[in-house]
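Here is a short briefing to read alongside your structure. Keep the viewer open and follow the topics one by one.

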Amino acid sequence: MGAFDVLDLGVMLYREAWDLQKAHHARVAAGGRPALLLLEHPPVLTLGRKAREGSNIVVTREYLAAQGIEVLEVERGGDVTYHGPGQLVAYAIFPVGRRVADFLRLLEGATLHALTALGLPDARPNPGYAGVYVNPREVNGLSYEQKICSFGVAVQKNVALHGLGLNVTTNLQHFDLIVPCGLSGTHMTSVQREYQLRGIERTASIAEAKAALISAFHTTFAAYDWTLPDIPTASPTLNQPLQGANA
């Protein structure tokens, strides 16, 4: 069974998944088994702690409401991010304590392993920002970072909440509603888009991405210390330097 449970939740409203995260978080903080929640959300924007004023949303709230896109303030670090169909969200409800930076590196490592399995071995972290990227791309004479996975983490009572958002078949036009993570020199990409631009004759799918990510988590966290730390319960957050995401 491994050291943590994996729950495939399908498509779930953000508020419902948020409540479920909190329930699992309380259980893990009390000594229960860690859990990895895998799901997709209907379209929603979430604001991390650096985005309370919502200045990186570039359309009106009325427009978003008309499109059925909710805006929520959440406890993760970072700025604004988008979640929607075709984006694989992974909430890792794991004991972390003060090892927040190490935990983020492991999330990056698991994502890199998964993307390699999905045929994108050039995926890499960005030294200055949390998240996973593929190689920059030139658009109209300017070079833009290409971000494929965003991270947003909060740690409360020594246990992590939130996690990552991996763009698989995501509608990337929805990212035009925001300045993702507050990074104006960054474009969002997806597994599907990378296949198309690279001429890879392969179909991106959430099911395949889930299988790759589950395997990658088991590999990456194989030697992880699952002990619940007995330290003061400060609440560090990590996201933009962590999208804060995707997730």
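Where is the place of Lys 157? Lys 157 sits in the loop between β9 and β10, and that loop is picked up again below. This is a predicted model, in which local features need pLDDT of at least 70 and side-chain atom pairs count only at pLDDT 80 or more, while totals for chains, interfaces and linings use all residues. Residues are numbered from 1 along each chain as its sequence is written, and side-chain values use heavy atoms, with hydrogens and water left out.

**Terms for elements and burial**
- Helices (H or I, at least four residues) and strands (E, at least two) are DSSP runs, numbered from the N terminus.
- Buried means under 20% relative accessible area, exposed over 50%, and partly exposed in between (1.4 Å probe, protein chains only).

**Confidence**
- The average pLDDT (the predictor's confidence in each residue, from 0 to 100) is 86 for the protein, and 86% of the residues score at least 70.
- Residues 233-247 have a pLDDT below 50, yet this stretch has 91 contacts (heavy atoms within 4.5 Å) in the model beyond near neighbours in sequence.

**The loop between β9 and β10**
- Lys 157 has a phi near 55°, a positive value in a residue other than glycine.
- Lys 157 counts as exposed because its relative accessibility is 54%.
- Asn 158 is found in this loop too, and its phi is also positive, at about 75°, although it is not a glycine.
- Asn 158 counts as buried because its relative accessibility is 5%.

**Lys 147 in β9**
- Strand β9 (residues 142-156) contains Lys 147.
- Lys 147 has 1% relative accessibility, so it counts as buried.
- Lys 147 and Met 188 are 41 residues apart along the chain, but 4.8 Å separates their C-alpha atoms.

**The open sheet**
- Three strands make up an open sheet with mixed pairing, in the order β4-β3-β5; two strands pair if DSSP finds at least two bridges between them.
- β4 (70-73) and β5 are at the edges with a single partner strand each, so one side of each has no neighbour in the sheet.
- From one strand to the next, the twist averages 25°; axes are lines fitted to C-alpha atoms, for helices over the stretch in contact, and angles run from 0 to 180 degrees between N-to-C directions.
- Helix α1 (residues 14-29) packs on the sheet and touches β3, β4 and β5, and its direction makes about 25° with that of β4.
- Strands β3 (residues 44-47) and β5 run antiparallel and are joined by four bridges.
- Leu 45 has Tyr 82 of β5 as its bridge partner, and Leu 47 stands opposite Val 80 in β5.
- In a regular strand the side chains alternate between the two faces of the sheet.
- In strand β5 (residues 80-83), Val 80 and Tyr 82 point one way, Thr 81 and His 83 point the other way, and all are buried.

**Strands β1 and β2**
- Strand β1 (residues 5-11) pairs with β2 in the parallel sense over five bridges, with Val 6 opposite Leu 36 in β2.
- Six of the six residues of β2 are buried: Ala 35, Leu 37 and Leu 39 point one way, and Leu 36, Leu 38 and Glu 40 point the other way.

**Nonpolar cores**
- A nonpolar core is a set of buried Ala, Val, Leu, Ile, Met, Phe, Trp, Tyr and Cys residues joined through side-chain atoms within 4.5 Å.
- The largest nonpolar core has 41 residues, and Phe 103, Leu 107, Leu 115, Leu 164, Val 191 and Phe 217 touch the most other members.
- Elements that each supply at least two residues of this core include β2, β6 (87-93), β8 (129-139) and α4 (191-198).
- The most comes from α3, which gives seven residues to this core.
- A second, separate core has 16 residues, among them Ala 17, Ala 35, Leu 39 and Val 44.

- Helix α3 (residues 100-117) has 18 residues and spans 26 Å from its first C-alpha to its last, close to the expected 26 Å; the expected span is 1.5 Å times one less than the number of residues.
- The buried residues of α3 include Val 100, Glu 108 and Thr 111.
- The buried residues of α5 include Ile 206, Lys 210 and Phe 217, and their cover includes β1, β2, β6, α3 and β10.
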